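Please open the model in your viewer and keep the selection panel at hand. The stops below say what to select next and what is there.

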Amino acid sequence: NHHPSISNNEIRSSESLTHVVEPWYMTDAAVGSPGYDEFQKWKQEQETSRGIHFHSSVKDVPLPSEDEVRLGMISARTSDNPILFEGCVDDIACNAIYLEKPGAPTVAELEQMRDKANSANVKVFL
């Protein structure tokens, strides 16, 4: 499930989508699962036409350059969001994160995510 503006190529000229993290469809376990072939076709198109890099883990995304402002967009299974969020803050230095609702399975996890973002001075948008 990808943000509609990404799927429809509606990114402004001053912005660019450079990396996609897909923890399920980038694994051997996903082969043959519903949506696998469609994802692989879309992935190939994006790699070829737009130079987008795909990763199975946030930890695989390189750090941004010093002048790069990085926005992380999390649109995943709710149970995966806290780990993805942590990776966006700790591993790839996101300056801001767009987090699709509900954000996390529990209020306690959302509060931990909020506290982590606040301590790292990362803006979060829901």
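**First stop: Pro 82 and its surroundings**

Select Pro 82 and, leaving aside its neighbours within four places in sequence, show what is in contact with it, where contact means heavy atoms within 4.5 Å: these residues are Gly 103, Ala 104, Pro 105, Glu 109 and Met 113. This is a predicted model, in which local features need pLDDT of at least 70 and side-chain atom pairs count only at pLDDT 80 or more, while totals for chains, interfaces and linings use all residues. Residues are numbered from 1 along each chain as its sequence is written, and side-chain values use heavy atoms, with hydrogens and water left out.

Pro 82 lies in helix α3 (residues 81–90); helices (H or I, at least four residues) and strands (E, at least two) are DSSP runs, numbered from the N terminus. With a relative accessible area of 15%, Pro 82 is buried, a word that stands for under 20% relative accessible area, with exposed for over 50% and partly exposed for what is in between (1.4 Å probe, protein chains only).

Not counting residues up to four places away in sequence, Asn 81 touches Ile 74, Ala 76, Leu 99, Glu 100, Gly 103 and Met 113.

**The open sheet**

Colour the strands next, and look for an open sheet of 3 strands in the order β3-β4-β5, with parallel pairing; two strands pair if DSSP finds at least two bridges between them. Its edge strands are β3 (71–74) and β5 (123–125), each of which pairs on one side only. On average, neighbouring strands of this sheet are turned by 15 degrees against each other, direction ignored; the axes are lines fitted to C-alpha atoms, for helices over the stretch in contact, and angles run from 0 to 180 degrees between N-to-C directions. Between β3 and strand β4 (residues 96–99), which run parallel, there are 4 bridges, and Ile 74 stands opposite Leu 99 in β4.

**Backbone details in the loops**

In the loop between β4 and α4 (107–120), select Pro 102; the peptide bond leading from Lys 101 to Pro 102 is cis, with omega near 10 degrees. Ala 93, placed in the loop between α3 and β4, has a phi near 55 degrees, a positive value in a residue other than glycine, and is partly exposed at a relative accessible area of 37%. In the loop between α4 and β5, Asn 121 has a positive phi of about 60 degrees although it is not a glycine, and Asn 121 counts as exposed because its relative accessibility is 63%.

**Nonpolar cores**

Which residues touch the most other members of the largest nonpolar core? Of its 15 residues, they are Ile 74, Phe 85, Cys 88, Ile 92 and Ile 97, a nonpolar core being a set of buried Ala, Val, Leu, Ile, Met, Phe, Trp, Tyr and Cys residues joined through side-chain atoms within 4.5 Å. At least two residues of this core are supplied by each of α3, β4 and α4, and the largest share, 4 residues, comes from α3. Apart from it lies another core, of 9 residues, among them Val 20, Phe 39, Trp 42 and Ile 52.

**Last stop: the aromatic rings**

Show the rings of Phe, Tyr and Trp (its six-membered ring), which pair if their centres lie within 6.5 Å, with planes under 30 degrees apart counted as stacked, over 60 as edge-to-face and the rest as tilted. By this rule the count comes to 5 aromatic pairs. The rings of Phe 39 and Phe 54 have centres 5.9 Å apart and planes at 80 degrees, so this pair is edge-to-face. Phe 39 lies in helix α2 and Phe 54 in strand β2 (residues 53–55), so the pair ties together parts that are 15 residues apart in sequence. Phe 39 and Phe 54 are both buried. Trp 42 and Phe 54 form an edge-to-face pair, at 5.6 Å centre to centre and 90 degrees between the planes. To finish, select Tyr 25, Tyr 36, Phe 39, Trp 42 and Phe 54 together, which ring pairs link into a cluster.
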